[in-house]
Amino acid sequence: MSDIAEITVEDMVIDFPVGGGLFRKQYLRAANGVSLTLRAGEALAIVGESGSGKSTCARAIARINMPTSGTIRVDGAEITDPGFRQSQRDYAAKVQMIFQDPFGSLNPVHTIRHHLARPIRIHAPKLSSTEVDERIIATLERVGLSPAAQTADKFPYELSGGQRQRVAIARALAVGARFILADEPISMLDVSIRLGILNLMDDMKRDGIGFMYITHDIATARYFAERTAVMYVGHMVEWGESDSVTQSPRHPYTQLLISAVPEAGIRKTRERKAKKAEIPMRTPESRGCPFAGRCLKVMDRCHADMPPITQLQEDHYVRCHLY
Amino acid sequence: MTRLLSLLGGIAGFYRGNTAGIVGSTLVALILAMCLAAPALTGYDPDKRVARGHQPPSAEHVMGTTRAGKDIWSQALYGGRVSLMVAFAAATVTSIIALAVGVSSGYFGGRTDEIMMAVTNVMLVFPQLPLLIILAAFLGNVGPFIIALILGLTSWPWGARVMRSQTLAIRKKEFITAAEIMGEAKWRIIVIEIMPNLISLAAGMFVGTALYAIGAQAGLEFLGLGDPTVTSWGTMLYWAQSSAAFFVGAWWDFIVPGTFIALVGGGLALINISIDQISNPKLKTGSYLRTWRKLNAEVEAKRQEA
């Protein structure tokens, strides 16, 4: 298996058809001009609220959705190119996904052994049954599910949410993935076991696996990821080094997200950071900054043009007319 | 081994506190066993004249004889083999077609789904009994095998729609997406990942179709569309009717096959009801109510003591 070092997404646009008439289709723009880079052994956090297009981007990289335009390159090879003939099987060996809901991500009628045996058998068809078994046990131990032999024979309903999520991670490992797209992997878990999962992913990162960590919790983004990108309604509004983005947020939307993180012992009367407004639905015809409707520092031109990219520091970019 | 154990556990769990299921299964199993053990239970050949016509039940002929002097008890047992075989064969054909059409339609979606559902809907709007009668009449006096085939080939659309909707729900689950990303083959996703989740629905469909097939087969044969020389519960009724058993007062001639049909039908219906409670938990009340009553009684008893 060839190791890959990076996945580059350039100017990706994803439109979804949403009803419309017989002759004119209406589209929803789920992602607009998204450009990002995932590197092996590093984590990129994508932060944003529900409906901001985070998952859609991950699903495009996993080749579940096709982007409307833009390119996704894996080590220079363009996977969005129609001429790209690499089968899902080979691609799967490199890129895997972990889902938010640990209850929906495992098949209720199969044992844990089945969930891990399939990826191993698909990607290493030459192994004998005992070798497959050994690998299953090793993978389960790797993700901290011991005693592994007993766990392997259990059904998903016999495991807790945290244990199921560990099985999902083990499944990605069993494939031998170099990149893992984690779609809110801890948001449905108890607070007490979130840290365990984050630390497990952190260990894997040290072993050279690259992560795309999708979350709506900007605090864990800083804890886990080297780099952070903030998304709003399909647009990347601010991105760069995690510390820089979370410590000195520049975009009004990032500032709003940071102020929403509760702090222990402090019950401050918060100043209002945004106008109350519906999250807009973006269509291909929409103009201007998507946050304009809620922004307190809104200017006239915010409604007219999409702000250009401004480089603030070496690795800190923002899309806002203020800078 | 664990699989077998969990399967047995599942079966035990199905029958626990499930009176309808126990009664229904016992009834069907008993009649099935009786039909299979027919040579041990009767010494008469069902197709031979063994006594004078229309003899009432006696020690020699426990359920009397037909107009043609054949033993009814023997006919009911041997005929039951044919009737039950037709019912289960029709149910098997229906289940296979409904599963194949429903699951592939739901999983592949798009154009496949549109075409398959168009065919299904056309089949669905045909009035079934008239269609059966026309088909059977067109093919002449049809044997039990053809009847099973006709029933199986005409009664799948309803099941296919149920399977399709359930597949649509399962397909959205993340374990299917995970299998796709992993590079699993499409047929494996359908057969290994989706179908086991449909077992309770498929079982319900199988039993429901068998129930319908028992009735429809008897109906067709009663109308004289079946092959009257093959003994089954339906042709027994046909001969009873054509020999005017009702007018001459030979009640045993039509009561016996009628009772067998009713018992098997009732048994299958009871099984079906209990499967419904599994596949649709909203209908599940029986055992919970009983548990609640028991707990309530205990609480009351403690209160009385205090």
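Over residues 80-272 of chain B, the chain is 82% helix and 0% strand, and the end C-alpha atoms are 21 Å apart, with helices (H or I, at least four residues) and strands (E, at least two) taken as DSSP runs numbered from the N terminus. UniProt, in an unreviewed entry, places the feature "domain: ABC transmembrane type-1" at these residues; its positions are given in the numbering used here, feature names are shortened, and annotations may be inferred rather than shown by experiment. The model is predicted, so that local features need pLDDT of at least 70 and side-chain atom pairs count only at pLDDT 80 or more, whereas totals for chains, interfaces and linings use all residues. Residues are numbered from 1 along each chain as its sequence is written, and chains are lettered from A and ligands numbered from 1 in the order in which they are written.

The secondary structure of chain A comes to 11 helices and 12 strands. The radius of gyration of chain A, taken over C-alpha atoms, is 21 Å, close to the 20 Å given for 323 residues by the globule rule (2.2 Å times the number of residues to the power 0.38), so chain A is as compact as a globular protein of that length. Its C-alpha trace spans about 70 × 55 × 40 Å along the principal axes.

Between the chains, 20 residues of chain A are in contact with 13 residues of chain B, contact requiring C-beta atoms, placed from the backbone, to lie within 7 Å. On the side of chain A that touches chain B, at least two residues each are supplied by α2 (88-92), β6 (95-98), α3 (112-123) and α6 (161-175).

Notes. Contact = placed C-beta atoms within 7 Å.
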